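Dear colleague,

Please find below the structure that I am handing over to you. I would be grateful if you kept it open while reading the notes that come after it.

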Amino acid sequence: MIDFHTHPVMVKELVRDDPALQRAVREVFQLYFPAQPLEVFLAEMDEAGVGRAVLLPLDCTTAHGCRIVTNEQVAELAGKNPRFVGFASVDPGAKDAPRRLEKAVRGLGLKGLKLDPALQRFHIDDRNLAWPLYQTCSELGIPVLIHCGLSWSLVGQSKYARPLALEEVAQEFPSLRIVIAHCGWPWVEEALLVALKYRNVYLDTSIVYSGTPADALRHVLAERIGLDVLERSLPRQILFGSNYPRADIRRTVRGLAALPLSPSLRERIARKNAEELL
Amino acid sequence: MKSILKRFTIVTHHETELIDITPQVLAEVEAAGVRDGTAFVLSLHTTTGLTVNEGLPDLEQDIADCLQGLVPEGRTYRHARFLHEDGQMAINAPSHLRGALLGFEVFFPIESGRLVRGARQTIYFVELDGPQERTWVLQIMGE
């Protein structure tokens, strides 16, 4: 399996000697439990049956004066362990954001872009800030994963993260592969609309709001979207993601396993779609 | 009276895992220089347990299976929500309840500088929500 949505923000080896990262994780990303050795992250993947994980950093320099794991740190983790696939993050407010993204991809070998409009505080359809980044992603041929929906951080503003704003982005950038994180919860229907309409738009399953992952996946995938809709219309556009460490990978995998999916859709969600994207 | 407190940090690799900590306890008791007293072993976590049983792999598996059967993952629990204090989902109610069944501490008398325990008694640190980094504490008290 491939977990398309993890945050290496509680890796002890990174956090231990980096007071700025400690502050960013506590005050901006807002996780308050002890960091764990990298060995635990890998063991968690093993225990869940996940072979590879996409690592997502976040550059919030304009909005919060911090980077929640740097591109360099992600590249180092991915460079040392082939089970990790590193994404880049750049601050859309930075004047040279497209150049930074290009450098992260060409120079550091990162494989995609992570944006979080709620924490980075930009509008998804902002032609000045976001458009150049979408353009660069298209030119580089890399996917962009965009946080959509509820932002758990108390300094995040979910109003920036409406999935419907991606309709225009998908129109303007037909070759850009866009991943809507968290199925856009609670705006699941908006995310569904965009994904149904544009074949270059994907949904990830990292849905975290209440209940167990099994509860959340059943409610969103089976009851709100409909498994028949996934089977018929979106089999190539849905990806497994856990949002680790906000939710553990093991229980999210079990939540997916509990859904009555066809073997081919299960395989597509678990591995194939992510492999094609990466 | 002497009181010696030692902390041991371990990394677990499975969701449920019984880890034999008897050798560390015996070694520390031997080194403590306490002739008559008590050794207390305590886990610092609420989703782990401490227990004593016969040190056999089949029994270890039976204990793990039994705990999972007594507190099944699929039941509905209240502790299944976002926990603001941690910034993460609290979705490990079964781990907490399994820990409550096992308890979080064990103790043994020390006599003539040696731990008083049955020949088949093995001391287990029990991971119930792994993998994680964990800490257990040994306090040796006596004279």
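Predicted model: local features only at pLDDT ≥ 70, side-chain atom pairs only at ≥ 80, totals over all residues.

Residues are numbered from 1 along each chain as its sequence is written, and chains are lettered from A and ligands numbered from 1 in the order in which they are written.

Helices (H or I, at least four residues) and strands (E, at least two) are DSSP runs, numbered from the N terminus. Two strands are said to pair if DSSP finds at least two bridges between them.

Chain A

Chain A holds an open sheet of five strands in the order E6-E7-E8-E9-E10, with parallel pairing. Strand E6 (113–115) and strand E10 (238–239) of chain A stand at the edges with a single partner strand each, so one side of each is left without a neighbour in the sheet. Strand E9 (residues 201–204) of chain A is joined to E10(A) by two bridges, and these strands run parallel. Leu203(A) has Ile238(A) as its bridge partner in E10(A).

Two helix pairs deserve mention. Axes are lines fitted to C-alpha atoms, for helices over the stretch in contact, and angles run from 0 to 180 degrees between N-to-C directions. Helix H3 (residues 38–48) and helix H12 (residues 249–257) of chain A have axes that come within 8 Å and cross at roughly 20°. H3(A) is therefore roughly parallel to H12(A) (angles under 35 degrees count as roughly parallel, over 145 as roughly antiparallel, 65 to 115 as roughly perpendicular and the rest as oblique). From H3(A), the contact involves Glu44(A), Met45(A), Glu47(A) and Ala48(A), and from H12(A), Ile249(A), Arg250(A) and Val253(A). Two residues are in contact if their C-beta atoms, placed from the backbone, lie within 7 Å. By class, this contact of H3(A) with H12(A) has four nonpolar, no polar and three charged residues (Ala, Val, Leu, Ile, Met, Phe, Trp, Tyr, Cys and Pro count as nonpolar, Asp, Glu, Lys and Arg as charged, and the others, Gly among them, as polar).

The second pair is helix H10 (residues 188–197) and helix H11 (residues 213–233) of chain A, whose axes come within 11 Å and cross at roughly 10°. Val188(A), Leu192(A) and Leu196(A) of H10(A) meet Val220(A), Arg224(A), Ile225(A) and Ser233(A) of H11(A). Five nonpolar, one polar and one charged residues make up this contact by class.

Some backbone details also stand out. Most residues other than glycine have a negative phi, and most peptide bonds are trans. Cys183(A), not a glycine, has a positive phi of about 50° and lies in the loop between strand E8 (178–180) and H10 of chain A. Cys183(A) counts as buried because it has 29 C-beta neighbours inside 10 Å (a residue is buried if 20 or more other C-beta atoms lie within 10 Å of its own, exposed if 12 or fewer, and partly exposed in between, with C-beta atoms placed from the backbone). The loop between E10 and H12 of chain A contains Asn243(A), which has a positive phi of about 70° although it is not a glycine. In that loop lies Pro245(A) as well, and the peptide bond from Tyr244(A) to Pro245(A) is cis, with omega near 5°.

Chain B

Chain B has three helices and 10 strands, and 32% of its 143 residues count as buried. Strand E3 (residues 37–43) of chain B runs antiparallel to E7(B), joined by six bridges, with Thr38(B) opposite Pro109(B). E7(B) also pairs with strand E8 (residues 114–115) of chain B in the antiparallel sense over two bridges.

The peptide bond from Gly130(B) to Pro131(B) is cis, with omega near 0°.

Finally, 16 residues of chain B are in contact with 23 residues of chain A. Strand E5 (81–83) and strand E6 (88–90) of chain B each supply at least two residues of the side that touches chain A.

With kind regards
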